[in-house]
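Here is a short briefing to read alongside the model.

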Amino acid sequence: MFGTLMLIAVPTLLLRLLGAFGVGRFATWRVSVLHGLAVMLMCTASAHFVPSAIGPMPGHHDLVAMVPPFVPFPRLAVYATGVLELLGAAGLVREATRPAAGLGLAVLFVLMLPANIHAAVAQIPFNGEPATPLWFRIPEQVVFIGVALWAYLPARAAAARRAAGVPAQPGTTS
């Protein structure tokens with residue numbers, strides 16, 4: 001149940017530790033968390049393309065099963081969301097594309113919320129494991145949306161401050 005959150009938390013902590021040891025790219029929590037989200041997305045996106053029952057992650061058939069009945073072409077939807085997750089992950093690691101990636105991922109996570117609700121309510125198992133309960137799925141999705149918006153909002157606020165001629169605050173990055 002906590003696996004996806006660990007796919008963000010562990011890389012984030014490791015990257016921030018690298019920042020503490022002098023790797024400038026990971027000098028802030030924000031950049032480390034956003035790279036952690038990118039790592040998580042690379043892992044979850046891979047599940048969209050591999051058969052089920054390979055390793056500990058769910059596979060394509062598991063994800064197709066969680067697509068709500070009102071969504072046409074569920075297999076195509078799973079492939080499309082996998083591609084969008086990969087593009088979002090790539091966008092998060094580049095500062096220039098981070099705001100667009102963050103906004104796009106926030107929208108994607110909102111659009112995927114019905115699938116998460118359907119999977120919990122219909123008790124759809126992943127890789128033979130019991131379904132993740134709704135009380136966990138929704139807050140987890142809110143975390144993903146919040147982190148994605150973090151990629152979008154601060155950069156927009158910093159750009160607005162620069163456009164208004166307000167100097168950047170020490171210790172902040174866009």
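F73 is found in the loop between helix 3 (60–65) and helix 4, where helices are DSSP runs of H or I with at least four residues, strands are runs of E with at least two, and both are numbered from the N terminus. With a relative accessible area of 64%, F73 is exposed; exposed means over 50%, buried under 20% and partly exposed in between, using a 1.4 Å probe and protein chains only. Please keep in mind that this is a predicted model, in which local features need pLDDT of at least 70, side-chain atom pairs count only at pLDDT 80 or more, and totals for chains, interfaces and linings use all residues. Residues are numbered from 1 along each chain as its sequence is written, and side-chain values use heavy atoms, with hydrogens and water left out.

- Most residues other than glycine have a negative phi.
- F73 has a phi near 50°, a positive value in a residue other than glycine.
- Q123 has a positive phi of about 55° although it is not a glycine.
- Q123 sits in the loop between helix 5 and helix 6, and it counts as exposed because its relative accessibility is 55%.

**Overall build and confidence**
- The protein has 6 helices and 0 strands.
- Of its 174 residues, 40% are buried.
- Among contacts (heavy atoms within 4.5 Å) between residues at least 6 apart in sequence, 64% join residues at least 24 apart.
- The mean pLDDT, the predictor's confidence in each residue from 0 to 100, is 88, and 88% of the residues reach 70 or more.
- Confidence is lowest in helix 6, at a mean of 83, and highest in helix 4, at 97.

**Nonpolar cores**
- A nonpolar core here is a set of buried Ala, Val, Leu, Ile, Met, Phe, Trp, Tyr and Cys residues joined through side-chain atoms within 4.5 Å.
- The largest core has 20 residues, and L37, M40, L41, L92, L105 and F109 touch the most other members.
- Helix 2 (29–47), helix 4 (74–93), helix 5 (98–121) and helix 6 (134–163) each supply at least two residues of this core.
- Another core, of 10 residues, lies apart from the largest one and includes V64, V67, A119 and I124.
- Leaving aside residues up to four places away in sequence, F109 touches L37, L41, Q141, F144, I145 and A148.

**The largest pocket**
- What lies nearest the centre of the largest pocket? Of its 41 lining residues, L63, M66, N116, F126 and R137 do.
- A pocket is an open set of points on a 1 Å grid over the protein atoms alone where a 1.4 Å probe fits, with protein on both sides within 12 Å along at least five of seven lines; lining residues have an atom within 4 Å of a point.
- Helix 5 gives the largest share of the lining, 7 residues.
- N116 belongs to helix 5 and counts as buried, at 11% relative accessibility.
- Not counting residues up to four places away in sequence, N116 touches M66, R137 and Q141.

- L87 lies in helix 4 and is exposed, with a relative accessible area of 56%.
- L87 and G104 are 17 residues apart in sequence and 9.6 Å apart in space, C-alpha to C-alpha.
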